[in-house]
Amino acid sequence: MVGLEYRNKTLNNLNVANMTTIELAEVCQKGNFVALASRNDEDNTRYAVELCKYVNQINSDVILYFSLKAETKDFKRAFPEVLVEIDDSPAQSFEELEYKIKNRNCAAKVSMVVVDYLCLMTAQNTYLSRVAQSEEILSRLKQLSVKEKISVLVLLSMSKYAPPNYSVKKELEAYYGDLTSWVDFIVHVVPDMICCQNRKNGYI
């Protein structure tokens, strides 16, 4: 069982402790841009799938799951019960992802887009540093979320070898730049506990 310690449930600073997965799924249904960060990729994907299950219970609209790490057959074998539309095209650019999302959203309402994993996407300007590329992709995902009126869930990798007292904030900024400029909620997925804060109140 994964627990959740969650502060500032809304942008109005409503303090809520022990937020459940279904409550976070409700946050994911309100046009928010949510990032799941973990030192264990498998745990992160499993938690993202759990969120998708709850989102399906709340809203029957389409969930687009961009599985940049696992092929569709492997994803379905691991998670046969989750109802998502999977796209396993590797190393997608933002432009490719945007085109697919807009087309699908025109055909049938998309409630949420999942990007598993952000670091496997490619930026248009490959001359930028990796951090600058990540910031460009994050900013454009945020713009797309607002324009298409969809929620976005991105999965972020962190080092498996960082010491226990290493700052999550510093590590995420080193890999992904200024996340809080674009992401509404940052969720740190760790064994037996999920720590989450919104972008106006920083990191735990």
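**Exercise 1. Decide whether Ser-93 is buried or exposed in this predicted model.**

Solution. 
Step 1. Take the relative accessibility of Ser-93, which is 13%.
Step 2. Apply the cut-off: buried means under 20% relative accessible area.
Step 3. Ser-93 therefore counts as buried.

**Exercise 2. Place Ser-93 in the chain and find what Ser-93 touches.**

Solution. 
Step 1. Locate the residue: Ser-93 sits in the loop between β4 (85-87) and α4.
Step 2. Leave out residues up to four places away in sequence; Ser-93 then touches Met-121 and Thr-122.
Step 3. Check the spacing to Ile-137.

**Exercise 3. Describe how helix α4 and helix α5 are arranged, and list the residues in their contact.**

Solution. 
Step 1. Two packed helices are described by the angle between their axes and the distance between the axes.
Step 2. Read both values. The axes of α4 (residues 94-107) and α5 (residues 130-148) come within 11 Å and cross at roughly 10 degrees.
Step 3. Classify the angle. Angles under 35 degrees count as roughly parallel, so α4 is roughly parallel to α5.
Step 4. List the contact. From α4 come Phe-94, Glu-95, Leu-97, Glu-98, Ile-101, Lys-102 and Asn-105. From α5 come Ile-137, Arg-140, Leu-141, Leu-144, Lys-147 and Glu-148.
Step 5. Sort by class. The contact of α4 with α5 has 6 nonpolar, 1 polar and 6 charged residues.

**Exercise 4. Work out the geometry of the aromatic pairs that involve Phe-75.**

Solution. 
Step 1. Start from the count: the model has 3 aromatic pairs.
Step 2. Take Tyr-65 with Phe-75. Their ring centres are 4.7 Å apart and the planes stand at 50 degrees, so this pair is tilted.
Step 3. Tyr-65 belongs to strand β3 (residues 62-67) and Phe-75 to helix α3 (residues 72-78), so the pair ties together parts 10 residues apart in sequence.
Step 4. Check burial. Tyr-65 and Phe-75 are both buried.
Step 5. Take Phe-75 with Phe-79. Here the centres are 5.2 Å apart and the planes are at 55 degrees, so this pair is tilted.
Step 6. Compare accessibility with the cut-off. Phe-75 has 3% relative accessibility and counts as buried. Phe-79 is buried too, with a relative accessible area of 14%.
Step 7. Join the pairs. Tyr-65, Phe-75 and Phe-79 form one aromatic cluster.

**Exercise 5. Which residue lies over the face of Tyr-117?**

Solution. 
Step 1. Find the residue: Lys-69 lies over this face.
Step 2. Read the distance: Lys-69 is at 5.3 Å from the ring centre of Tyr-117.

Terms used:
Residues numbered from 1 in each chain as written. Predicted model: local features only at pLDDT ≥ 70, side-chain atom pairs only at ≥ 80, totals over all residues. Heavy atoms only, no water. Axes fitted to C-alpha atoms, helices over the stretch in contact; angles between N-to-C directions. Helix = DSSP H or I, 4+ residues; strand = E, 2+ residues; numbered from the N terminus. Parallel < 35°, antiparallel > 145°, perpendicular 65-115°, else oblique. Contact = heavy atoms within 4.5 Å. Nonpolar A, V, L, I, M, F, W, Y, C, P; charged D, E, K, R; others polar. Phe/Tyr/Trp six-rings, centres within 6.5 Å; stacked < 30°, edge-to-face > 60°. Buried < 20%, exposed > 50% of the residue type's maximum accessible area, 1.4 Å probe, protein only. Lys NZ or Arg CZ within 6 Å of the ring centre and 35° of its normal.
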